Amino acid sequence: MATGAKGGYKTLLQRGDGGSPEAFTTVAEVNDISGPEITKMIEDATSMDSPDGYVEKISLGLRDAGSVTFQLNWLNESTTHNALLTDLDADVTRNFRIVPNGATRAITFAGHVEKISAAYPVKGKMVRDCSIAITGRPVKVSFP
């Protein structure tokens, strides 16, 4: 059987405008995208009575979608890059979506821009490492 795997090239990171209906704009010159990374909150419940000297764990019933991280080829005058800086300064919750290459569904999530860091290498391009902290549950939605 042949693989159905696809490369990530041409995946889009998009920022919502908060309107109704909401319009999304593709963030310019995004490099690798990572996340969401969903983890379940687990608590150590080991006690003196735990059988056989093994650690016991319980699920707290909570999950954390983590963050979406990505790197930009920094374009100082880019409206989409500067919009991310504005979101960070404004402490706003914004809707975002990731549209994988060739997909019919996008991953949508609400989040806070939590980090934008700069690099100015002598031998290399100017970049920004960015992170969006997800609040709530990411969902897959049909993409027109």
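The model is predicted, so local features need pLDDT of at least 70 and side-chain atom pairs count only at pLDDT 80 or more, while totals for chains, interfaces and linings use all residues. Residues are numbered from 1 along each chain as its sequence is written, and side-chain values use heavy atoms, with hydrogens and water left out.

## Strands and their partners

Start with the naming. Helices (H or I, at least four residues) and strands (E, at least two) are DSSP runs, numbered from the N terminus. Two strands pair if DSSP finds at least two bridges between them.

| Strands | Sense | Bridges |
|---|---|---|
| E1 (residues 12–16) and E2 (residues 24–26) | antiparallel | three bridges |
| E1 and E7 | antiparallel | four bridges |
| E7 (residues 94–99) and E8 (residues 105–119) | antiparallel | five bridges |
| E8 and E9 (residues 127–142) | antiparallel | 13 bridges |

Now look at single residues in these pairs. Gly16 has Phe24 in E2 as its bridge partner. Gln14 stands opposite Arg97 in E7. Ala118 has Arg128 in E9 as its bridge partner.

E7 and E8 also form a hairpin, with five residues between the strands. In this hairpin, Gly102 takes a positive phi near 75 degrees.

How enclosed are E1 and E7? The test is burial: buried means under 20% relative accessible area, exposed means over 50%, and partly exposed lies in between (1.4 Å probe, protein chains only). Four of the five residues of E1 are buried, so E1 is largely enclosed by the rest of the structure. In E7, five of the six residues are buried, so E7 is also largely enclosed by the rest of the structure.

## A stacked pair of rings

A pair of aromatic rings is described by the distance of the centres and the angle of the planes. Rings of Phe, Tyr and Trp (its six-membered ring) pair if their centres lie within 6.5 Å; planes under 30 degrees apart count as stacked, over 60 as edge-to-face and the rest as tilted.

A search of the whole structure finds one aromatic pair. Phe96 and Phe109 make this pair, and it is stacked, with 5.8 Å centre to centre and 20 degrees between the planes. Phe96 lies in E7 and Phe109 in E8, so the pair ties together parts that are 13 residues apart in sequence. Phe96 counts as buried, at 0% relative accessibility. Phe109 is buried too, with a relative accessible area of 3%.

Another ring meets a charge. A charge sits over a ring if NZ of Lys or CZ of Arg is within 6 Å of the ring centre and within 35 degrees of the ring normal. The charged end of Arg128 sits over the ring of Trp74, 4.1 Å from its centre.

## A buried network of charges

A salt bridge is a side-chain nitrogen of Lys or Arg within 4 Å of a carboxyl oxygen of Asp or Glu. By this rule the structure has two salt bridges.

Which residues does the salt-bridge network link? Arg15, Asp87 and Arg94 are its members. Asp87 lies in helix H1 (residues 79–90). At 2% relative accessibility, Asp87 counts as buried.

The side chains of Arg15 and Asp87 meet at 2.8 Å, N to O. This pair links distant parts of the chain: Arg15 is in strand E1 and Asp87 in helix H1, 72 residues apart. Both Arg15 and Asp87 are buried.

Asp87 also forms a salt bridge with Arg94, at 3.0 Å, N to O. Arg94 is buried, as is Asp87.

For scale, take Asp87 and Lys125. They are 38 residues apart along the chain, and their C-alpha atoms are separated by 24 Å.

Patches are made of residues with over 30% relative accessible area and no salt bridge: like charges are joined within 9 Å, and nonpolar side chains (Val, Leu, Ile, Met, Phe, Trp, Tyr) within 5 Å. Accessible areas come from the Shrake-Rupley method with a 1.4 Å probe; for residues, only the protein chains shown count as cover.

Met41, Ile58, Leu60 and Leu62 make a nonpolar surface patch of about 350 Å². Strand E5 (residues 57–64) gives the largest share of the patch, three residues. Ile58 lies in E5. Ile58 is partly exposed, with a relative accessible area of 43%.
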